[in-house]
Amino acid sequence: GGPVRRRGDRYVLAVGDDEAALLRRLANELRLLLTAGADQPAAEALLTRLFPVAHADDPELEAEYQRLMREELVASKLSALAVIERAVGDGEGVEPARLDEVELNSVMQAINSVRLILGTMLQVSDEPDADEVAPGWESSPEYALYGYLSWLLEHCVRALSG
């Protein structure tokens with residue numbers, strides 16, 4: 001049962017075709033956002049939660065940190081997106097891959113990245129257990145998607161914890 005199944009020492013994302021297509025689309029949209037470049041203020045605003053501030057009290061040190069770490073963080077996130085695409089297959093005959101623990105963690109990272117961006121759009125509070133959204137978003141497709149990704153993430157965690 002559940003969307004994440006353990007097969008020996010491997011994990012399978014058991015999602016339907018529609019969900020697989022949705023996850024591929026989200027991975028692609030996030031890839032486009034991540035590679036849009038800092039000259040895209042709209043993209044940058046959505047990505048704020050993906051690149052947390054390390055030195056809030058020192059703008060110069062923060063700029064240096066972001067300059068040094070940003071490329072590595074983007075590369076890590078792009079790599080996680082490639083894993084999620086392998087995990088759901090390509091929808092054109094390439095079967096979903098069986099993942100090891102490291103790869104399932106990458107899938108979780110990718111799902112969480114999309115959740116953080118949706119959370120930014122929905123103005124979900126950063127507080128633990130606060131799933132409050134900005135007024136008017138409660139019945140939006142974005143909020144439904146946020147809920148779905150939260151559910152999927154929870155099942156990944158359960159599968160990993162045996």
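Predicted model: local features only at pLDDT ≥ 70, side-chain atom pairs only at ≥ 80, totals over all residues.
Colleague: Is Gly89 buried or exposed?
Modeller: Buried means under 20% relative accessible area. Gly89 has a relative accessible area of 4%, so Gly89 is buried.

Colleague: What separation do the C-alpha atoms of Gly89 and Arg24 have?
Modeller: Gly89 touches Arg24, along with Val94, Glu95 and Pro96, when residues up to four places away in sequence are not counted. Gly89 and Arg24 are 65 residues apart along the chain. Their C-alpha atoms are separated by 8.7 Å.

Colleague: How many Å lie between the end C-alpha atoms of helix α4?
Modeller: Helix α4 covers residues 101–122, which is 22 residues. At 1.5 Å a residue, α4 should span 32 Å. The value from the model agrees with this: the end C-alpha atoms are 31 Å apart.

Colleague: Which residue has a side-chain oxygen that reaches the backbone nitrogen of Val102 at the start of α4?
Modeller: The approach to the backbone nitrogen of Val102 is to within 3.1 Å. The side-chain oxygen belongs to Asp100.

Colleague: Which side chain makes a polar contact with the side chain of Glu103?
Modeller: Glu103 lies in helix α4 and counts as buried, at 15% relative accessibility. Leaving aside neighbours within four places in sequence, Glu103 is in contact with Arg10, Val83, Arg86 and Arg98. The polar contact, at 2.5 Å, is with the side chain of Arg86.

Colleague: Which side chain makes a polar contact with the side chain of Arg115?
Modeller: Arg115 is also placed in helix α4, and at 16% relative accessibility Arg115 counts as buried. Beyond neighbours within four places in sequence, Arg115 is in contact with Tyr146, Leu149, Ser150 and Leu153. The polar contact, at 2.8 Å, is with the side chain of Ser150.

Colleague: How are α1 and α4 oriented to each other?
Modeller: Helix α1 (residues 17–34) and α4 pack with their axes 10 Å apart, at an angle of about 70°. Angles of 65 to 115 degrees count as roughly perpendicular. α1 and α4 are therefore roughly perpendicular.

Colleague: What is the orientation of α4 to α5?
Modeller: The axes of α4 and α5 come within 9 Å and cross at roughly 155°. That makes the pair roughly antiparallel.

Colleague: What handedness does the crossing of α4 and α5 have?
Modeller: The angle of this crossing is roughly 155°. As α4 passes α5, the crossing is left-handed.

Colleague: Against which elements do the buried residues of α5 pack?
Modeller: Among the buried residues of α5 are Leu145, Tyr148, Leu152, His155 and Cys156. The buried residues of α5 pack against β1 (4–7), β2 (10–13), α1 and α4.

Colleague: How far apart are the end C-alpha atoms of α5?
Modeller: α5 has 20 residues, and at 1.5 Å a residue it should span 28 Å. The model agrees, with end C-alpha atoms that are 29 Å apart.

Colleague: Which residue with a positive phi follows α5?
Modeller: The phi in question is near 75°. The residue is Gly162.

Colleague: Is Ala42 buried or exposed?
Modeller: Ala42 is found in helix α2, residues 41–46. The cut-off for exposed is over 50% relative accessible area. At 60% relative accessibility, Ala42 counts as exposed.

Colleague: What distance separates the C-alpha atoms of Ala42 and Val83?
Modeller: Along the chain, Ala42 and Val83 are 41 residues apart. The separation of their C-alpha atoms is 26 Å.

How values were computed:
Residues numbered from 1 in each chain as written. Heavy atoms only, no water. Helix = DSSP H or I, 4+ residues; strand = E, 2+ residues; numbered from the N terminus. Buried < 20%, exposed > 50% of the residue type's maximum accessible area, 1.4 Å probe, protein only. Expected span 1.5 Å × (residues − 1). Polar contact = N/O pair within 3.5 Å; in protein donor to acceptor, adjacent residues only side chain to side chain. Axes fitted to C-alpha atoms, helices over the stretch in contact; angles between N-to-C directions. Parallel < 35°, antiparallel > 145°, perpendicular 65-115°, else oblique. Left-handed = near helix turned anticlockwise from the far one by under 90°. Contact = heavy atoms within 4.5 Å.
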